[in-house]
Amino acid sequence: MVSPTSLSKSEEKETLNPRNVYHIGGLQVRFPYQPYGTQLAFMSRVISTLDRAQRDGRCHALLESPTGTGKTLSLLCSVLAWQQSYASRFPKGNSAHKRSHFTPDVTRPPPSTEPSDVVEVEKPPRVPTIFYASRTHAQITQVIREYRKTAYRVPMAVLGARKRSCTNRRVQGKPNLDEICRCLIKDRNKPKCPEFRGKDDIVAHPSLQQNEVHDIEDLVKIGYAVRGYTFGFTVHSNMEDIAREAGSIDLGEETLFKLQSELQLLSLAIPMIYQPVCDAIDGLISWIGSRKDSLAKRDPQHYFSSWTGDKALRELEESNITRKGFRNLSNCFIEAIERSMKEIPPHLSGIFVSTLQELLVTLGYFFSRDGSHSHTLDYELGLQRFIKRGDSSGKWTHTLSLWCMNPSVVFKAIVDLSSSIILTSGTLSPMDSFSSELGMQFGACLEAPHVVDANQQVWAAGIFSGPNNQPLNASYKTNDEHPFQDALGKSLEEICSIVPGGSLVFFPSYKLMGKLCTRWRETGQWSRLCLEKDIFIEPSGGATGEFENVLKGYYDCIGGKKRFIGRNRRAAFLAVCRGKVSEGLDFSDDNARAVIIVGIPFPNLHDVLVGLKRSYNDTYKSSRNLLGGGEWYCQQAYRALNQAAGRCIRHRFDYGAIIFLDERYRQQRNRVSISKWLRQSIKLYDNFEESMQDLKSFFPRAKKHVDSKMLSYKEVIDLECVVQTEPETSFLINSGSSASSPFSCSSGLTLERGGPPSVSSHALKRRKFISSAAVIDLEKENNHDMITRRIEFGSDSSTETRARVQISCLLCRSPLGHPDNNGSSYLNCLVTWSSKKYVLTLLKETSRSEMPTSVSVIVTDCSSVDQRLCTKDEGIWCEEDGCVFNTIFCPFCSVPNTTCLGVQIVATDSSNVQFLSKILFFADHLNVMGDAAIKETLLEHQGTC
């Protein structure tokens, strides 16, 4: 049962809204907003899983909650609430976990039966540590942003790769940064890196004290400020695949030759360490040479053979790597690696240290045993001989591989160290394979519903044929046929002509996407597509910089930054399932009004590793409780499909179409593994023209529904905002005049200092406004000196209110005030009206409404807000207003340049200097937390819109 309660006085100081405390699973959980039902269910499962882990020793959970349902915030609040209450709820710690690891001490004498005066003091339980792993660095930033919203503060550390956190400009961006770094700091007492010398200053920096929240970017800023350095690691997405990859290795023959040369030289200096390692590498090279001409032929440019179990053991024995001798060999490996890490000469170079580490880890898993189960059966030793694609020289490449087929071999090490593992994502479905593949039982599973109204905000459709009733089937049997390729091109053209904003089009593979694009360019279909939308293509295996440039071009086109090449902010991004676009990026609102999935993204059936994995699962389906190879193969396809489909609906006010273009979706078995929240809404169409008519009617209907939903949501938030404000910063409106008041209006109205007005927040009076050109004086506090600036707004309002408030983005709820404003994010502002032409035009474009005559704005100084809002490197001159405006977007929303907050005035003519360095926020685009006077003014402004 969930019910709100109140906090103690000490707790009230820790949170802005002390009422937001809920009883969930026997705990008081502080949650910053009114939680959705989905969030309550999610937090309940987290808490019950952690409690059961304490009772039973271990318990794990698999929780799917669609993107936009607030799972990150829910996970943080629930697990931190549980951790905070741990000592009081579990005074003896995890007794079940202790029992399972108890080993009697036979050397200790038996306890005495004599009475003793010694009183044993029981130590407090050790509170469990939370490890929060994300798939990308960008998501770490998102997690920290959500953590800032909570009322919880605990000691924290953020880990990230060197390339993300190095502040030494001389080595930034170099491919061998890790090796350079180790060389520069090998002497910790006298490091050659000037940045590393400031490490103690970083640790002592005030912003890192008292459990302050910080992310990687904050650490880098501190590093630049005090000239220091930070470092760490990151993780990836698909848990099954990444676990298998962590226990696998691919060794190219050329790499082995180079490693051999370096080891031969080192062996002359320290033979005890380097000679056994050199012998192992020599053995692998000799084994490749003896086997490469007898491999099985797969095609004229690809030969491959593999061995498993005892056969793999015998093959490795021929290269001088044996189970019996591995213990001594591994010690030499470790010695060689440690000498390099500690920079003890002579040692291996950095790139070869990484190779040795991978080989050591993989061989360690291969030779280990799990009870009676030998892991040699979980591995495939493979050798490939092939010509690289695009290599005109015809040179053969040889690669030795030791592939892990069972991810539980690797994941078990994490399970053994943890009392509870909670895997959560927006797209875990289908879930069946996780338990068997990872070798762990999940005590709790959840497929949460979405927070959006799927019937109103999502148009999900399976379309089986294109124009002229040509069947759409992207399977390998038919995707080479021109009638299919042409029908698909025409279908996409029709869809793109209807969908506003951006469209994401996902293909099963880069090969098929390239084949289709080539055909469309030959037939002229490509030109017709480009008339509807600007086309962007995800690069295949390109460098990170290449992909980021394409992504930025797409975002800029949708955001209107490149209107000279765009067409009314319309673009299409052609991408691939399992690619960068499909798995780790956020495309909210206009960035993805439609996700179009062509075909079903089955893994490449001719891929060697895919075939071996299918065969492994078939072999051990019964003995190890695995999915059959075919079933595993299908689940890989639908997990990739669900990840791609999840790029569309990103928050509760989002809407869009999710379209499956393939006749195979007609069959129920091909829809059953689609995410539950989406599967129930899919409409099936045999007639293409009928589907396009329904798609046309969806978008205006969905926008109307969302606009109404946002309006009602904003009114609730405005009425429920409660914040403690200082008495001297609240003001009342007086119809008289006062010479003593420092705030005056040319309309004859006077703003006076005073206490908050007595008004009912649920029954505020609505007033008619008279036309007047108000001239207001704003005070700006700077080093305790009061500086008065005269601001002319030309507004149509008889009510303005000045106060000290907090503001945040209405969508992502991130605070926008400067964090150093007297130790808080409060800022001084004025709520008034503006009739500036540029401001009104901008509001019309962002809200897609009629041109207003005036707009409610919140005015403050640039110095009062988070400086990530303010830039002065660009702007738009409006001659009628006499100002240069810079449009302000929320820097914290998941997708950049999508949530317009207002304008910054970066320059003016001589008659508008009073506007310089001011920010005008759209009041309707903010969540404002202030006293009753502020809420009254905002509601009065709403009443006149």
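These are my notebook entries on what I looked up in this predicted model.

**Ground rules**

I number residues from 1 along each chain as its sequence is written, and I leave hydrogens and water out, with side-chain values resting on heavy atoms. Because the model is predicted, I took local features at pLDDT of at least 70 and side-chain atom pairs at pLDDT 80 or more, while totals for chains, interfaces and linings use all residues.

**Entry 1: the whole protein**

I looked up the secondary structure and noted 30 helices and 33 strands; these are DSSP runs numbered from the N terminus, with helices (H or I) of at least four residues and strands (E) of at least two. Of the 945 residues, 53% are buried, where buried means under 20% relative accessible area, exposed over 50% and partly exposed in between, with a 1.4 Å probe and protein chains only. The accessible surface comes to about 45,000 Å², and carbon and sulfur atoms account for 51% of that; areas come from the Shrake-Rupley method with a 1.4 Å probe, and for residues only the protein chains shown count as cover. I then turned to contacts (heavy atoms within 4.5 Å): among those between residues at least 6 apart in sequence, 73% join residues at least 24 apart.

I searched for cavities, meaning sets of points on a 1 Å grid over the protein atoms alone where a 1.4 Å probe fits but cannot get out. Thirteen residues line the largest cavity, and Thr427, Asn642, Ala645, Gly646 and Trp677 are the closest to its centre, a lining residue being one with an atom within 4 Å of a point. Helix H26 (629-645) and helix H27 (676-679) are the elements that give two or more residues to this lining. I sorted the lining residues into six nonpolar, seven polar and no charged, counting Ala, Val, Leu, Ile, Met, Phe, Trp, Tyr, Cys and Pro as nonpolar, Asp, Glu, Lys and Arg as charged, and the others, Gly among them, as polar.

**Entry 2: two buried loop residues**

I checked proline 125, which lies in the loop between helix H5 (95-100) and helix H6 (137-149) and counts as buried at 18% relative accessibility. Its C-alpha is 4.8 Å from that of glycine 93, although the two are 32 residues apart in sequence. Leaving aside neighbours within four places in sequence, proline 125 is in contact with Tyr86, Ala87, Phe90, Pro91, Lys92 and Gly93.

Serine 814 sits in the loop between strand S26 (801-809) and strand S27 (827-834), and is buried with a relative accessible area of 2%. Not counting residues up to four places away in sequence, I found serine 814 touching Arg145, Lys149, Ile807, Ser808, Cys809 and Phe892.

**Entry 3: charged pairs**

I noted 25 salt bridges, each a side-chain nitrogen of Lys or Arg within 4 Å of a carboxyl oxygen of Asp or Glu. In the pair of aspartate 861 and lysine 918 the closest N and O atoms are 2.6 Å apart. Aspartate 861 belongs to strand S28 (residues 855-861) and lysine 918 to strand S32 (residues 918-922), so this pair ties together parts that are 57 residues apart in sequence. Both aspartate 861 and lysine 918 are buried.

Aspartate 590 pairs with arginine 593 at 2.9 Å between the closest N and O atoms, and both of these residues are buried. For aspartate 866 and arginine 868 the corresponding distance is 3.1 Å; here aspartate 866 is buried at 8% relative accessible area, whereas arginine 868 is partly exposed at 41%. I also recorded one network, in which salt bridges that share partners join Arg52, Arg55 and Asp56.

**Entry 4: backbone geometry**

Most residues other than glycine have a negative phi, and most peptide bonds are trans. I noted that the peptide bond from proline 345 to proline 346 is cis, with omega near -10 degrees, and that proline 346 lies in the loop between helix H15 (326-341) and helix H16 (350-367). Asparagine 469 has a positive phi, near 60 degrees, and is exposed with a relative accessible area of 53%. Arginine 578 also has a positive phi, of about 80 degrees, and at 34% relative accessibility counts as partly exposed.

Terms used:
On a 1 Å grid over the protein atoms alone, a cavity is a set of points where a 1.4 Å probe fits but cannot get out, and a pocket is an open set with protein on both sides within 12 Å along at least five of seven lines; lining residues have an atom within 4 Å of a point.
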